[in-house]
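Hi,

Here is the structure I promised to send over.

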2 protein chains.
Amino acid sequence: LSAFSDGHIDGHAPLVTGLTLNAYLAAGIRTDHETTGRDEAMEKLRKGMTILIREGSVSKDLAALASIISAETSAFLAFCTDDRNPLDVAEEGHLDFMIRKAIQLGAPVTHAYRVASISAARAFGLRDRGLVAPGYRADVVLIDDLMQCSVSQVIAGGRVVDDALFATRPFVAPVGLTSVKARPVTAADLAGRPAPAAGPVIGVIPGKIITDHLMLALPTQDGLRQPDLSQDVIRVSVIERHGHGGAGAQSMAHGFVKGFGLKQGAIASSVGHDSHNICVVGVDTADMALAVNRLLELQGGFVVVNGGAVTGEVALPVAGLMSQLPADELRPHLHHLREAAKALGCTLAEPFLQVAFLPLPVIPHLKITDKGLVDVDRFVLLD
Amino acid sequence: LSAFSDGHIDGHAPLVTGLTLNAYLAAGIRTDHETTGRDEAMEKLRKGMTILIREGSVSKDLAALASIISAETSAFLAFCTDDRNPLDVAEEGHLDFMIRKAIQLGAPVTHAYRVASISAARAFGLRDRGLVAPGYRADVVLIDDLMQCSVSQVIAGGRVVDDALFATRPFVAPVGLTSVKARPVTAADLAGRPAPAAGPVIGVIPGKIITDHLMLALPTQDGLRQPDLSQDVIRVSVIERHGHGGAGAQSMAHGFVKGFGLKQGAIASSVGHDSHNICVVGVDTADMALAVNRLLELQGGFVVVNGGAVTGEVALPVAGLMSQLPADELRPHLHHLREAAKALGCTLAEPFLQVAFLPLPVIPHLKITDKGLVDVDRFVLLD
């Protein structure tokens, strides 16, 4: 905080209110993009925070927060997406989607646009963008219909962006290849340690990155807790993948998660905020191990396994986080991946990002890292 | 401009509109405190400028601009005073006066306060003031009546400011003493040069720093234009006072000004924006010379002369611009000075600051410096 005390400091303050929020603000933090409720937003606004209203693929806060957008507040609000799946960007849109949805939810039209432009620029101290005006960057979209936010033309740096110009954009050489340094795992590695039948279970909430901290009794076998599909509870493991342990034992931890709807198989991801270790959920440890091991071969991405076979995968070889394919070519792979997850019984609209947020130990209430389950409210490792 | 291109650049753009305003803004200038009209203000707002609504002692723009204050605009407006006479600060107030007056003129109450606080702070990139909130400086005024903006208590840096605390404020050692380096002048020095009877006259506008560029025929004597009290036209001279000319001839220029109402005597000032040379207006060159020479003895200030005698004076020895007296002790002197000017027939409410703005050659339309009359619209010296 002191290193950036002269600059802009963005915050992450989910559910932080009252005196705790006061202390947080006293450190010089000026924005928050983790606000999920109207009362929470209004308290933060009153205390001088700029609220970045977020609508990602998992974390969807706009419905709860659109009603705070008004002439009185719009100077202190901005839109942000944060972890928005390329499929959603392609099919629903990005900030245009947020503007459209905010207006549908009743936000004053001009203030929805203000939140999407000048207010965001000002919040970050950017004085040359956010308006169509002399002295500002000539990055402009022309809109046919203000209510629908239908973009008819894009101008970037003063040039009309057509397909021919877009095709001339510079190619960025990939970085962070071969970043997945974990070693293959076995089903036995993922079985977990002996524990009482009643214990913590992560409760996934569809469309939220906040989880519930549940205490549930599960069946046991040889002293080990087991999945219970009747309660919609399956396994979750996180495996360190940056090679920090060298040749020693791989750092990993195991737990249980409720809410994916899986009846069989496993889903693994090398996207796992913010340490981006491997996170895998599944009904069956053998399928989970196969999914992890396929991820190692792909050098990152998403993998779906069912009954001992890979049924869907997308490689993300750039740091284990990004594809090298153009968005249009990636799109059918993502569609197929979703179908593969659905075939396991998955009921979540966005299973892969919901997996990716399970390891984020700064978001309430119960998360899991390679060190173990984290009680985020108390900021302690369980066990 | 390039030296400050990464920082905040304040503007002075009186009556600048259209393409000229676009060019001005393209240089990175982001505020203006010289806006005097509603249409001018709205164009500047539309083009992304923050308008600093000014209410000084001479330059009073609030009445013309109060109607632009709304929920839509308040984030892009601030109040400023700029050359507010200490008498006015004591008797009418400062920003409190502007808030009160704006509300009386119909501005939405909460937005008048927003303009006076958070919007001003944000316009200048100050992130730790403008709100009563955690992480902000504890500079607070408590207000009994929101409509009247009646301040009942002041808290500065977290301490309640009472008379005892105020008395402990540190004394600042004076700087810029003996800054008035001009040599005494004679009546003959101020007579001017031969010129046609019809020529330029500065038209003073009460309560404005903008002047009219008038063309008037004046009586002449020996080829020299003369004052004409029937047209309310008297003399004005500006005399370089920083000693730039060394032992050579003093740089000075002479002209005529309409609108002071003077029937006799002279008024001299070492406050003369922004070069702060000596500016003297008067009916009679002998009284004008006496007023200038008394200013030299005082090392700056304001002097009123009538019939060969000094009838009012206030010394401003700090750089020829500021008094060393506490505000309370200065106040009766300023009252006396105003009375002395009134006794000359002066009809202006604020004669001394109206004199002080005659030499400001960046404000339309006709001004005078020690180099001569300046046609500000064309940016050329006349003669």
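Below is what turned up, going from the whole chain down to single residues.

One thing to keep in mind from the start: this is a predicted model.

Let's begin with chain A as a whole. Its secondary structure comes to 11 helices and 19 strands. If you draw a box along the principal axes around the C-alpha atoms of chain A, that box is roughly 70 × 55 × 40 Å. How does the radius of gyration of chain A fit with that of a compact globule? For 383 residues, such a globule would come out near 21 Å, and chain A has 22 Å, so the two agree.

Inside the chain, 50% of the 383 residues of chain A are buried. Now take the contacts in chain A between residues at least 6 apart in sequence: 58% of these join residues at least 24 apart.

Next, the place where the chains meet. The contact takes 26 residues from chain A and 26 residues from chain B. Together the two chains bury about 2,000 Å² between them, with 47% of it on carbon and sulfur atoms. Which residues of chain A lose the most area to chain B? They are A:Arg30, A:Arg127 and A:Pro134, which together account for 29% of what that side buries.

The peptide bond from A:Pro364 to A:His365 is cis, with omega near 0°. A:His365 sits in the loop between helix 11 (351-357) and strand 17 (366-369) of chain A. In chain B, the bond from B:Pro364 to B:His365 is cis too, with omega near 5°, and B:His365 lies in the loop between helix 11 (351-357) and strand 17 (366-369) of that chain.

For B:His276, phi is near 55°, and the residue belongs to the loop between strand 13 (266-269) and strand 14 (278-282) of chain B. Is B:His276 buried or exposed? Its relative accessible area is 14%, which is under the 20% cut-off, so B:His276 counts as buried.

Cheers

Key. Residues numbered from 1 in each chain as written. Chains lettered and ligands numbered in written order. Predicted model: local features only at pLDDT ≥ 70, side-chain atom pairs only at ≥ 80, totals over all residues. Heavy atoms only, no water. Helix = DSSP H or I, 4+ residues; strand = E, 2+ residues; numbered from the N terminus. Rg over C-alpha atoms; globule rule 2.2 N^0.38 Å. Buried < 20%, exposed > 50% of the residue type's maximum accessible area, 1.4 Å probe, protein only. Contact = heavy atoms within 4.5 Å. Buried area = accessible area lost by both parts, 1.4 Å probe.
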